[in-house]
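Work through the following exercises with the sequence and the model open. Each task is followed by a solution in steps.

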Amino acid sequence: MAKKTNKHHIIPRSREDEILNPHTDQNIIILDRDIHEAYHRVFRNMTPQETLKEWLKMNITVISSQTRSDIIETISTERVLFYSSKVIKKL
Ligand SMILES: [Zn+2]
């Protein structure tokens, strides 16, 4: 019987760049396979910061203006401040 879970890289491995390091233990979680597949159907290989932006677009009509402002501020944060130092490459 096939396993029902598999590993998800929160920051996709394909999105590694000069700032983000997806090859850390903190970047990997175990997800139910069906949920994992559905997640990538919606958010493809977006980074968490991009995912939050997409999530806001999907939910904009029910979000309060204060929450919208808070999320927009968060989305606009520099990546080195948005992410944990555990996934930021040493500069
Ligand atoms: Zn994944």
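**Exercise 1.** Decide whether K3 is buried or exposed.

Solution. Step 1: a residue is buried if 20 or more other C-beta atoms lie within 10 Å of its own, exposed if 12 or fewer, and partly exposed in between, with C-beta atoms placed from the backbone. Step 2: K3 has 7 C-beta neighbours inside 10 Å, so K3 counts as exposed. Step 3: K3 is located in the segment before β1. Helices (H or I, at least four residues) and strands (E, at least two) are DSSP runs, numbered from the N terminus. Step 4: D32 is 29 residues away from K3 along the chain, and their C-alpha atoms are separated by 9.0 Å.

Two notes apply throughout. Residues are numbered from 1 along each chain as its sequence is written. The model is predicted: local features need pLDDT of at least 70 and side-chain atom pairs count only at pLDDT 80 or more, while totals for chains, interfaces and linings use all residues.

**Exercise 2.** List the elements of the protein in order from the N terminus, and state what share of its residues is buried.

Solution. Step 1: there are four helices and two strands. Step 2: from the N terminus on, they run β-β-α-α-α-α. Step 3: of the 91 residues in the protein, 7% are buried. Step 4: the C-alpha atoms fill a box of roughly 45 × 35 × 15 Å along the principal axes. Step 5: two residues are in contact if their C-beta atoms, placed from the backbone, lie within 7 Å. Among contacts between residues at least 6 apart in sequence, 58% join residues at least 24 apart.

**Exercise 3.** Locate P22 and find which residues it is in contact with, leaving aside its neighbours within four places in sequence.

Solution. Step 1: P22 lies in the loop between β1 (5-9) and β2 (28-32). Step 3: its contacts are H9, I11, P12, R13, R15, E16, N27 and V87. Step 4: for H9, 13 residues from P22 along the chain, the C-alpha separation is 7.0 Å.

**Exercise 4.** Describe α1 and the residue just after it.

Solution. Step 1: α1 has eleven residues, and the count of buried residues among them is zero. Step 2: just after α1 comes R44, with a positive phi of about 45°, although R44 is not a glycine. Step 3: R44 belongs to the loop between α1 (33-43) and α2. Step 4: R44 counts as exposed because it has 11 C-beta neighbours inside 10 Å. Step 5: R44 and T67 are 23 residues apart in sequence, and 25 Å apart in space from C-alpha to C-alpha.

**Exercise 5.** Work out how α2 and α3 pack, and which residues meet.

Solution. Step 1: axes are lines fitted to C-alpha atoms, for helices over the stretch in contact, and angles run from 0 to 180 degrees between N-to-C directions. Step 2: α2 (residues 48-59) and α3 (residues 65-75) pack at about 155°, with axes 9 Å apart. That makes α2 roughly antiparallel to α3, a term for angles over 145 degrees. Step 3: Q49, L52, K53 and L56 in α2 meet R68, I71, T74 and I75 in α3. Step 4: by class, this contact of α2 with α3 has four nonpolar, two polar and two charged residues. Ala, Val, Leu, Ile, Met, Phe, Trp, Tyr, Cys and Pro count as nonpolar, Asp, Glu, Lys and Arg as charged, and the others, Gly among them, as polar.

Notes. Parallel < 35°, antiparallel > 145°, perpendicular 65-115°, else oblique.
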